Amino acid sequence: MLDARAVARVDPGGMRDIIASLPDQISAAAIWAEGKARAPIAEAQRVFLIGMGGSAIAGDVFAAWVADRCKVPIQVVRDYRLPSYARPEDLLVAVSYSGNTEETLGATAEGIKLGCRVIAITSGGRLGDLARGGGWPVFEVPAGLPPRGAFGHLFGILSTIGSGWTYGDLRGDVEQAVAHLNELRTRLRPESGVRLNRAKALALRLKTTVPILYAAPPFTAVARRWQTQLNENAKVLAFSSTFPEADHNELVGWVEDPRARSYRPIILRDADEPPELKRQLDITTSLMSKRTKVEEVHDDGPSLLSRMLGTLYLGDYVSLYLAALRGVDPLPLKPIETLKAKLAAARRKS
Ligand code: PA5
């Protein structure tokens, strides 16, 4: 059911090639953005990364990766409005693949009114026009992809323009992570059989369950990506949550609700977990295992970014194979298109 031909049959739009292109996208975008304008911190107290869904997630992963070395807080905003503490000297990076997402446009327009410096990352749309109209730099990503399929472009650009927001150089880590993803691709692609392919094996185990993703920082952004890729590519309910907080509430449901067996916790682990977190997650896994099977996922990449992106890549492929097992085309997102069309109609009327 998961050989390369079967996967191709449910995937006429080529999501498998889009997923495979992650390392190529990251290196192409990082190199391309190198020659463009930088985004210095200057007087900014904060960097706001504004975006929604498949565009925001690149900001989440970037912010989580550099959290322990950024010079100012980097905050992802998923809203129509900026937080009340935004200041005119702050730097605002608006990320919208389509350029037409109303929440992103709303918060960006508010930032422009406030006097913030703005950078846009987009394939065009109204965001491109808004930024160009104000004389702000626009980093253009190639058109024709679904937003979630442009993750590598968005992340690659952020890792280059954001190099001044952190202590130390980011480039070496990005190159190493790209090399790691290239190695992983051989084992994860549709041509690789289920015995070697962890993504296929995991998709088979998830087929009849509701996946619930768990991770501790900095992997929470990766857990969210797994969730959203499962939602959008495989068209399934999936949720994500955060450790250690979930041990102070959700754990009770896992241990005491008999329905727990219909759900599948997937815990993203890391070799570099601090000892107290490792101890806690080991105990959690054994408690949860009393009611349901627990999946633990980790990556053996040589750096934090390699492991974050390696884990993310695995999740992208799991979502592709789960789509194939369910016989659904991973590309179209009819419910989101319907929502956006209705929002646009309501906007025109108001
Ligand atoms: O995956 C998707 O298509 C969505 O989550 C979009 O990314 C989201 O609706 C925002 O659109 P855009 O990324 O074009 O700003």
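Four helices, H2 (15-20), H3 (22-34), H7 (151-161) and H10 (220-233), each contribute at least two residues to the lining of the largest cavity. The structure is a predicted model. Within the lining, H2 is the main contributor, with three residues.

A search of the whole structure returned one cavity of 30 Å³ or more. The largest cavity holds about 70 Å³ of space. Domain 1 (34-168) and domain 2 (193-326) each provide at least three residues of the lining.

Helix H4 was examined separately. This helix covers residues 53-65, 13 residues in total. From its first C-alpha to its last, H4 reaches 18 Å, close to the 18 Å expected at 1.5 Å a residue. Of the 13 residues of H4, 12 are buried, so the helix is largely enclosed by the rest of the structure. Here, buried denotes under 20% relative accessible area. The buried residues of H4 are Gly-54, Ser-55, Ala-56, Ile-57, Ala-58, Gly-59, Asp-60, Val-61, Phe-62, Ala-63, Ala-64 and Trp-65.

How values were computed:
Residues are numbered from 1 along each chain as its sequence is written. This is a predicted model: local features need pLDDT of at least 70, side-chain atom pairs count only at pLDDT 80 or more; totals for chains, interfaces and linings use all residues. Side-chain values use heavy atoms; hydrogens and water are left out. On a 1 Å grid over the protein atoms alone, a cavity is a set of points where a 1.4 Å probe fits but cannot get out, and a pocket is an open set with protein on both sides within 12 Å along at least five of seven lines; lining residues have an atom within 4 Å of a point. Grid points are joined across faces, edges and corners, and a volume is the space filled by probe spheres set on the points. Domain bounds come from an automatic or database domain assignment. The expected span of a helix is 1.5 Å times one less than its number of residues. Buried means under 20% relative accessible area, exposed over 50%, partly exposed in between (1.4 Å probe, protein chains only).
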